[in-house]
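Reader: I would like to learn how to read the pockets of a protein model. Could you walk me through one?

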Amino acid sequence: MNEPTDYRFYGRRRGRPLNPGRRRALDTVLPALLLPDGPLDPAALFGFDIEDLWLEIGFGAGEHLAWQAARRPRVGFIGAEPYINGAASLAARADAEGLANLRIHCDDATPVLDRLPGRALGRVFILFPDPWPKARHRHRRIVARPLLDRLARTMREGAELRVATDHGGYLDWMLERLTAHSAFAWTAASADDWRQRPADWPETRYEAKARMAGVKSTYLRFIRRQAVAIPVV
Ligand SMILES: C[S@@+](CC[C@H](N)C(=O)[O-])C[C@H]1O[C@@H](n2cnc3c(N)ncnc32)[C@H](O)[C@@H]1O
């Protein structure tokens, strides 16, 4: 099967009815956290000067993103998650923890990347993206050339891309595409680098489920390479 030339979202946006706390967070907290429409100016997204901009794609219930945001109050964070229950959960967490450095996009992450200026991002997390294990669904995987090209444009040189999976087939798929992409360099020097989760990377809900089912996860860190200048002759 030929890979699609652009990404299309296939996941779910709605789940079980929200509990009252999350309903309230969705109605009263989330609106103030939403990204503005149109082109995004990182310097104008928060009410203060940020020292960097980090993005989490598919934050699930938001525990990893909230953890990072709480520890890096001068970094601005954008989280993109189409599943509305997840966005409600993160909004409730942001409210409870008083996180002022967080903006949420309740939908597919790819239009957010298209609205950001080049080299805007210093770090990107894609933790346990949907593995779409059936052969006929693999074209739905988000870690593929269309997304990597968007990241190559929006991540500045030296920026870090963190990706994790518990699915062996998706791991091979991601490694094949990431190592083939000229913009990214894998940082791993030894097996521990992909077998051990770094200390500044808390466990996600999806990862905890995999661990409890006896499945090991893999942690990948790639660096956005320097753009190579083509000499004019
Ligand atoms: C398997 S879950 C993992 C959630 C979380 N990262 C974790 O580790 O617990 C994958 C998440 O990616 C989200 N997702 C799927 N496609 C997406 C897209 N195009 N943009 C942003 N999020 C997406 C899904 O809604 C889902 O919540």
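**The ligand and its pockets**

Author: By class, 12 nonpolar, 3 polar and 5 charged residues make up the shell around the ligand. Here Ala, Val, Leu, Ile, Met, Phe, Trp, Tyr, Cys and Pro count as nonpolar, Asp, Glu, Lys and Arg as charged, and the others, Gly among them, as polar. The model is predicted: local features need pLDDT of at least 70, side-chain atom pairs count only at pLDDT 80 or more, and totals for chains, interfaces and linings use all residues. Residues are numbered from 1 along each chain as its sequence is written, and side-chain values use heavy atoms, with hydrogens and water left out.

Reader: Which residues around the ligand come nearest?

Author: A residue is near a molecule if one of its heavy atoms lies within 4 Å of it. Of the 20 such residues here, Gly-58, Glu-81, Asp-108, Leu-127 and Thr-204 come nearest to the ligand.

Reader: Which atoms of the ligand lie 3.0 Å from a backbone N or O atom?

Author: A polar contact is a pair of N or O atoms within 3.5 Å. A backbone N or O atom of Ala-109 lies 3.0 Å from a nitrogen atom of the ligand, and one of Tyr-206 lies 3.0 Å from an oxygen atom of the ligand. Glu-81 takes part through its side chain, with a polar atom 2.5 Å from a ligand oxygen atom. The protein covers 89% of the 590 Å² of accessible area that the ligand has on its own (Shrake-Rupley method, 1.4 Å probe).

Reader: Where does the ligand sit?

Author: Rolling a probe the size of a water molecule over the atoms shows where empty space is left. On a 1 Å grid over the protein atoms alone, a pocket is an open set of points where a 1.4 Å probe fits, with protein on both sides within 12 Å along at least five of seven lines; lining residues have an atom within 4 Å of a point. The ligand sits in the largest pocket, meaning that more than half of its atoms lie within 2 Å of the grid points. About 1100 Å³ of space lies in this pocket (the space filled by probe spheres set on the points, which are joined across faces, edges and corners).

Reader: How many residues line the largest pocket?

Author: Its lining has 38 residues, with Gly-60, Ala-61, Glu-81, Tyr-83 and Asp-130 nearest the centre.

Reader: What is the volume of the second largest pocket?

Author: That volume is about 180 Å³. Its lining has 3 nonpolar, 1 polar and 6 charged residues, including Arg-195 and Glu-203.

Notes: Polar contact = N/O pair within 3.5 Å; in protein donor to acceptor, adjacent residues only side chain to side chain.
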